[in-house]
Amino acid sequence: VKFYGLLSQRICLVRPAYTEAFASSFDEQYKTVHRFETNHLRNVAKLFAHLLQTSTIPWTVFRCVYLNEDDTTSSSRIFIKLLCQDMAESLGMQELRRRFLQPEDDNVKESLQNMFPVDNPRNTRFAINFFTLIGLGKLTDDLREHLKNAPKLILQQQQALQKQTKGDDDDDSSSSSSGSSSSSSDSDSSSSGYDSDTDTDSR
């Protein structure tokens, strides 16, 4: 596998167009990984691990990885496990952590959001448990901190929503009051006009 990794890396360096082809292939392989046999799956994971750790292909390829219970299968979890473990062995945990959690490219950071989900506590816990079980718990420091502060964030969001709702209700009440006052003024004007006409007719 190391030979094919080096060969693929060399091809991409000679012809940059192949870089995009391998990046697209990552997405395709990940989506069909459940069809692979164990050895095939392991070889594919190691090949892409080499291309990623050497920055031959961009880390934006992780945008297709949704690490949660609903969007992963046992095969896709094994693929991610082998991929990350191989990169950790080659790069070291500190460098891997930096690339995952402190990417310099904003596009990479955005692409990794689904792999380190903070959209809801259930998905966050799943990601924490997954990385911890495969021996890469240091990648979950930010997720653990987010989960710890999640109740406070939810409370703040609820309070902000309540304030906004109250403000909207107050605006609606003010608008209704203004409309009622305007209608009342119009009615008074009409009544005054009617009284004047009546007085004129009487004369």
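1. The largest nonpolar core has 44 residues. Here a nonpolar core is a set of buried Ala, Val, Leu, Ile, Met, Phe, Trp, Tyr and Cys residues joined through side-chain atoms within 4.5 Å. Buried means under 20% relative accessible area, exposed over 50%, partly exposed in between (1.4 Å probe, protein chains only). Phe26, Phe62, Phe79, Phe100, Met115 and Phe131 have the most contacts inside this core. Two or more residues come from each of α2, α3, α4 (74–91), α5 (93–101) and α7 (121–133). Helices are DSSP runs (H or I, at least four residues), numbered from the N terminus.

2. A word on the basis. This is a predicted model, in which local features need pLDDT of at least 70 and side-chain atom pairs count only at pLDDT 80 or more, while totals for chains, interfaces and linings use all residues. Residues are numbered from 1 along each chain as its sequence is written, and side-chain values use heavy atoms, with hydrogens and water left out.

3. Phenylalanine 131 deserves a look. Leaving aside neighbours within four places in sequence, its contacts (heavy atoms within 4.5 Å) include Leu67, Cys84, Met115 and Leu136.

4. Gly5, Ser8, Gln9 and Cys12 are buried. They cover an arc of only 100 degrees around the axis, so they sit on the same side of α1; the arc is taken from the directions from the helix axis to the C-beta atoms. The buried residues of α1 pack against α2 (17–31) and α3 (38–53). Phe3, Arg10 and Val14, on the other side, are exposed.

5. Asparagine 120 lies in the loop between α6 (106–111) and α7. It is partly exposed, at 28% relative accessibility. Its side chain reaches the backbone nitrogen of arginine 122 at 3.1 Å and that of asparagine 123 at 2.9 Å.

6. The structure holds eight salt bridges, each a side-chain nitrogen of Lys or Arg within 4 Å of a carboxyl oxygen of Asp or Glu. One of them joins glutamate 69 to arginine 122, with the closest N and O atoms 3.2 Å apart. Glutamate 69 is in the loop between α3 and α4 and arginine 122 in helix α7, so the pair ties together parts 53 residues apart in sequence.

7. Glu95, Arg98, Arg99 and Glu104 are linked in a network of salt bridges. Glutamate 95 meets arginine 98 at 2.7 Å, N to O, and arginine 99 at 3.0 Å. Arginine 99 is buried, with a relative accessible area of 18%, whereas arginine 98 is partly exposed at 33%.

Terms used
Polar contact = N/O pair within 3.5 Å; in protein donor to acceptor, adjacent residues only side chain to side chain.
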